[in-house]
Amino acid sequence: MAPLPPPDLKVLCRKLASIPPAQLPTAVPSLSKHIIRCRDVLSSPQDPKSKDDGAQSAQLVHATRTSVTSLLNGRSCEGRFAAIGLVKAIIDVGGWEMLRTSDTWVRGLLSIVQKGDPFASKELAILTLTRIYVAVQPYQTLVREIATATIPAFITACLQLIKPHASGRAPAPLSTVETICGAFSTLIPLYPATFRPNSSAMRSAVRCYLAPTLTDDLLAPQSLQRAARKLVISLPHVAAKSNGGDEWGKLVDGLLRELHATGDQVLRAVDESWEGTSGYTRHRVDPMDEPAGGSGSSDRLPRWTNLASGVERLVGIFQYLADCLSYPTKASVMVPISALMDAVSRVCLIARLNPKAQTWDQALETNAAISREEKEELWSCMPDIHLSALALTSQMLHRFGQGMIPLIPEILDHLVRVFKSGIANPAIRRAGYNLLNSILTLVGPTMSRAAVGSIEPLIAACCRDLQEDAGFLKPSTKPSTASATDAKKKKGNGSNNNKSNSLANADLFLQPQAHAAETSVSLEPLHKAAANGLLTSLLSNLPQHHLKPTLRGLMDKTAILARNRDAMVASVLNPYKDQRGRMYPTILPHLSQQYPHDQGLEILRSNLRTSSTPSNADLLASVTAVEQDSEGDNSEDGHEDDRDEEMRDADEPLESTHKQTLQDVLHPVAQQSETMDENGAASLLPIQSNPFEAKAPNTYGSADESRSTTAESPAKRKHEDAYVAPSKRQETAPPVALPATVRAEDDESDDDSDGSVHLNMELDDDDDDEDEPM
């Protein structure tokens with residue numbers, strides 16, 4: 001029994017019959033809402049011969065289909081555009097009931113793609129046809145009647161739109177080309193046999209969008225490049241029988257060879273120390289010719305000339321390889337992981353380990369036959385190449401997961417090298433944070449002390465970025481030494497300089513005023529999210545005993561100043577303990593201060609195990625002692641200081657904060673008090689001692705601990721004769737006098753009350769009575 005016709009169906013039929021075709025495009029959103037509300041009626045079987053309300057529903061549905069078909073085949077361009085949108089809405093909600101009668105709509109949509117309608121109508125028609133072909137795929141009868149009969153014409157019509165002319169440009173706009181690439185890559189896995197005859201034509205039609213360069217005279221957006229790559233990567237689905245894996249392997253191998261051939265041209269200014277280990281070797285190039293590469297074959301990437309185009313091609317190939325690992329394949333494939341890592345190693349070895357102290361020419365062995373201009377252009381493009389290599393490495397970690405664990409040391413070495421070289425580039429830092437976060441997720445708890453020490457530049461840079469974003473680090477405002485020196489020289493030649501220049505140079509010696517405007521540093525949302533995620537991972541996945549005390553203190557301070565809840569929880573759950581067993585102060589009071597209504601905080605309060613730790617004041621004092629000990633150790637180990645010199649140079653403003661205690665750093669935060677408003681915003685309370693810490697028990701192991709205990713608690717009243725001799729009945733020899741030190745310890749550790757002494761005295765009286773004669 002068909003459901004009752006809803007009012008929306010009657011309204012829809014009335015509007016389709018009354019609204020002029022020229023006004024229909026603006027009415028499509030409201031008409032689509034009516035269609036969505038008619039889901040039950042449109043998706044139910046219709047029987048026009050029924051005697052109940054089902055007949056009325058069938059008549060209204062038939063009237064709706066007839067009106068849409070008339071608009072789709074009409075002469076009005078606006079009416080056809082509106083009809084395309086209505087067809088897609090009806091197919092989405094109607095299901096099989098609407099699909100079985102959609103052959104007329106499919107032919108009308110194909111005519112729009114083939115004829116001279118506007119590209120907006122063509123693009124919407126392509127999307128609607130793709131939706132119909134995907135929806136009919138589970139039904140073999142509909143596949144034979146609709147898809148198999150019309151898909152070849154659909155492919156031919158789309159190829160005519162994206163096939164480049166002699167000028168190298170496609171007749172359709174780039175947005176339409178992107179839509180067609182997305183439609184093909186969606187339909188190829190569903191209908192591989194139907195797309196097989198056109199595989200070569202599709203590959204040659206999109207080859208200029210795979211890795212475009214300046215030589216192509218084409219500005220392709222990243223979304224179009226990814227859509228074109230996805231289309232070519234999905235073409236192995238059309239391979240006969242089970243050759244899809246072999247076709248995919250040939251594609252990756254060809255890209256690797258193209259990458260190294262491009263690298264020979266782009267990196268020719270460097271005398272590389274890299275040696276190929278996967279069958280790819282370097283080839284000598286003529287330094288007198290301009291860098292060039294590519295091929296005119298339809299199966300390879302287009303030609304390119306000049307260094308800038310070569311860098312774009314190199315970056316595009318790295319992105320192409322990363323996309324090859326992103327999309328599913330028809331069958332199992334053999335991924336050349338060693339060859340991929342070999343390509344990453346080649347570009348990561350070209351880096352500066354100390355960018356502040358050395359130039360590129362000093363850090364690398366260069367080719368004297370290459371001009372200085374080409375070298376400088378290459379140095380400026382190296383961050384882009386490094387970013388593409390890190391992106392490929394991140395995709396490999398995401399795809400293979402624990403299978404990449406044997407390569408983690410090599411990946412970590414490349415990451416640190418690239419990060420040090422491009423630490424001033426925000427994009428390099430963000431990519432480094434994301435990659436290190438992925439590494440810590442896999443092998444963080446098992447990292448050695450040397451590996452943890454190698455990532456200290458990334459930890460310091462992460463904390464610096466977050467503190468700058470929070471407004472707790474100010475940029476340096478001191479005038480440069482070179483500028484001051486130049487000013488002195490010009491001042492000495494006063495007769496040769498005019499008065500205005502002298503006044504201008506004199507300003508260089510003025511100190512910045514207190515009211516001078518300060519430059520605020522704000523991170524991009526993705527950069528800030530990557531830094532916050534890395535900080536949380538560092539506190540939860542790293543072996544904390546491998547960290548330096550000052551570095552762990554910096555991480556705790558950053559978590560509090562940046563108000564990173566996850567990092568603060570990770571710090572509380574992973575306390576720091578040095579080699580001597582001394583505990584680092586917990587930041588649980590600050591977590592409860594900043595997030596007083598957090599449910600996770602209540603769990604920590606109820607489940608946090610008590611431990612024999614000193615009070616909060618003692619913990620803060622012990623931090624200073626630990627830092628002093630670490631400074632003494634660092635002064636003895638000069639080699640480690642040399643290794644960490646780059647990290648300290650990159651984070652000079654942080655050196656002073658490392659020497660402060662937690663209370664000193666958090667003092668500015670406590671001053672930013674806020675009152676409780678109507679929305680329930682919590683105010684910052686003064687920092688108090690940790691109420692969740694367990695006091696140190698009163699032990700007898702050392703005199704220092706007993707003194708600290710007696711200093712914290714009031715002294716107990718003791719009996720003057722704390723030492724009581726045993727009873728007369730057990731006395732066989734005069735008691736031996738105890739040493740003074742032992743007597744002093746017994747006196748200090750004696751907690752008996754006066755009642756126990758009186759009890760012993762009464763027992764002695766009883767013994768005396770028993771000894772008297774009866």
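Me: What counts as a disulfide here?
Reply: A disulfide is a pair of cysteine sulfur atoms within 2.5 Å. This is a predicted model, where local features need pLDDT of at least 70, side-chain atom pairs count only at pLDDT 80 or more, and totals for chains, interfaces and linings use all residues. Residues are numbered from 1 along each chain as its sequence is written, and side-chain values use heavy atoms, leaving out hydrogens and water.

Me: OK, how many disulfides turn up in the whole structure?
Reply: The search finds zero. Cys181, for instance, is in no disulfide, and the nearest cysteine sulfur, that of Cys208, is 9.3 Å away.

Me: Is Cys181 buried or exposed?
Reply: Cys181 is buried, with a relative accessible area of 0%. Buried means under 20%, exposed over 50%, and partly exposed in between, using a 1.4 Å probe and protein chains only. Cys348 is buried too, at 0%.

Me: Switching topic: where is the kink in α9?
Reply: Look at Ile151, shortly before the proline Pro152, for a kink of about 40°. That bend is the angle between axes fitted to the seven residues ending there and the seven starting there.

Me: And what does pLDDT mean?
Reply: It is the predictor's confidence in each residue, from 0 to 100. The chain averages 78, and 70% of the residues score at least 70.

Me: Which stretches have a pLDDT below 50?
Reply: Residues 478–485 are one of them, with three contacts (heavy atoms within 4.5 Å) beyond near neighbours in sequence. Residues 668–764 are also below 50, and that stretch has 77 such contacts in the model.

Methods. Helices (H or I, at least four residues) and strands (E, at least two) are DSSP runs, numbered from the N terminus.
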